[in-house]
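Reader: I would like to learn how to read the sheets, helices and confidence values of a model. Please take the general idea first and then the case.

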Amino acid sequence: MSNDTSQFPPQEAGAEPAAAVEPVEAEGPRRGRPLLTLAIILVAAVVLIGLAHRYASRQVPISTGPAGEGLGQPAPDFMVKDIRGNTFKLSELKGKVVILDFWATWCQPCKIEIPWFVDMYSRYRSQGLEVVGVAMDDEGAEVVKPFVERYGMNYKVVIGNEKITDLFGGIYGLPTTFIIDREGKIQSRHIGLVSRQTLEQAVKKLL
Amino acid sequence: MTGYRLQAAGCRPLWRFCAFFLAWAAVVTGAWAQGARSSYVKVAPGATPVKAAPGQAFEVPVKFQIASGYHINAEKPTFDYLIPTRLEWTAKDFKLIGIEYPKPEQATFSFSPDTKLAVYQGAITIRSRFQAPRTLPGGKAALGGKLHYQACDDKMCYPPASVAVEVPVELGKKARE
């Protein structure tokens, strides 16, 4: 039996390192070579580990709550269709405070947040709040539209794709919510289910 | 010269350390990279080939290990909008008779404190029954399939994924079976 996770290339069996070979002419600059090589290998290994750690951290976010990367930067603009087939462009909401929520119909934690967004949109729309749900269902509007009606989602819902998630630095779990200020800058990012209070406070301070 | 020989000999432990460090770095890097590929479910290792008699039905148990802290939905999830766990076989030589999924756990999570959800956690075994063909070239074959699942932890859910399954099958002689 096997699974579909490819194996990391196996490390070659270590041959006896070069330092074990006796030098022919030992004096002068050659004396420092083994140590220099050793230093280079150690630095390379540290860099390798660092890169792997960075990659792994990007792929599998394990923390929840506001994340620091990209905060204060302009939100990437994108253009997609909403569930009714209308074109939506994020930059058209400049001047509004935006809750941008990546979710899916199969995501149970996302379902907890949806009534909060419905309520917040009703209460703060007049003060300039917009809520945009980016549904990450592969089946698209066909499955999202009935869900939206079933749960009374009163805000705009668009169909997302990997291009959009890449623009936002990769989204590997749902829900992931961005709060964007009136200037179009990302002010907070919430990975995973967080409390309503956390989300509402993040919104209210921008209104 | 002698002094250098001594110095070179003194470097050997350093080189050994270096080789050890590189090997460790490769293991750590590999582990992180593997983890990054989001395998929340793995086929448990150590399975032996399944033996089947020509023309007879036989059972194929496949054990899966769900990563600690994660769960996947049951074959019949609590809600219709949740993605069920499903084992799909692509065996051509063998006729699939049926698949028996384990009884799910009824668990609550921070995102569902009041409603119990039918999920699988930890190790699970899914049993499939096949009908063996009357003949098989070489007497050996492999059953291939995929387990489709969608994993969540206590705060978030991850995209639907699948893990490949391959079970070697040895077809015995009819007289011997």
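Author: Start with pairing: two strands pair if DSSP finds at least two bridges between them. Strands (E, at least two residues) and helices (H or I, at least four residues) are DSSP runs, numbered from the N terminus. This is a predicted model, in which local features need pLDDT of at least 70, side-chain atom pairs count only at pLDDT 80 or more, and totals for chains, interfaces and linings use all residues. Residues are numbered from 1 along each chain as its sequence is written, and chains are lettered from A and ligands numbered from 1 in the order in which they are written.

Reader: What is the order of the strands in the open sheet that contains β7 and β11 of chain B?

Author: The order is β7-β8-β4-β11 in chain B, four strands with antiparallel pairing. β7 (105-109) and β11 (151-152) of chain B each have a single partner strand and stand at the edges, so one side of each lacks a neighbour in the sheet.

Reader: How many bridges join β7(B) and β8(B)?

Author: Four bridges, in the antiparallel sense. B:Gln106 has B:Ala118 in β8(B) as its bridge partner. β7(B) and β8(B) form a hairpin, with two residues between them. Further into the sheet, β4 (residues 71-73) and β8 (residues 112-120) of chain B pair over two bridges, again antiparallel. There, B:Ile72 has B:Tyr120 of β8(B) as its bridge partner.

Reader: How is a pair of packed helices described?

Author: By the angle between their axes and the distance between the axes. Axes are lines fitted to C-alpha atoms, for helices over the stretch in contact, and angles run from 0 to 180 degrees between N-to-C directions. In chain A, helix α2 (residues 108-124) packs on helix α5 (residues 196-204) at an angle of about 30°, with the axes 11 Å apart. α2(A) and α5(A) are therefore roughly parallel to each other, a term for angles under 35 degrees.

Reader: Which residues make the contact of α2(A) with α5(A)?

Author: Contact here requires C-beta atoms, placed from the backbone, to lie within 7 Å. α2(A) contributes A:Trp116, A:Met120 and A:Tyr124, and α5(A) contributes A:Arg196, A:Leu199, A:Glu200 and A:Val203. Five of these residues are nonpolar (Ala, Val, Leu, Ile, Met, Phe, Trp, Tyr, Cys or Pro), two are charged (Asp, Glu, Lys or Arg) and none is polar (the others, Gly among them).

Reader: Where is the cis peptide bond in chain A?

Author: Most peptide bonds are trans. The cis bond joins A:Leu174 and A:Pro175, with omega about 0°. A:Pro175 lies in the loop between α4 (162-167) and β7 (176-180) of chain A.

Reader: Where is confidence lowest in chain B, and where is it highest?

Author: pLDDT is the predictor's confidence in each residue, from 0 to 100. In chain B, helix α1 (residues 2-36) is lowest at a mean of 48, and β4(B) is highest at 98. Chain B averages 81, and 74% of its residues score at least 70. Chain A averages 80, with 71% of the residues at 70 or above. Over residues 1-29 of chain A the pLDDT is below 50, and this stretch has 47 contacts beyond near neighbours in sequence. For the complex, the predictor gives an ipTM of 0.72 and a pTM of 0.71.

Note on methods: Contact = placed C-beta atoms within 7 Å. Parallel < 35°, antiparallel > 145°, perpendicular 65-115°, else oblique.
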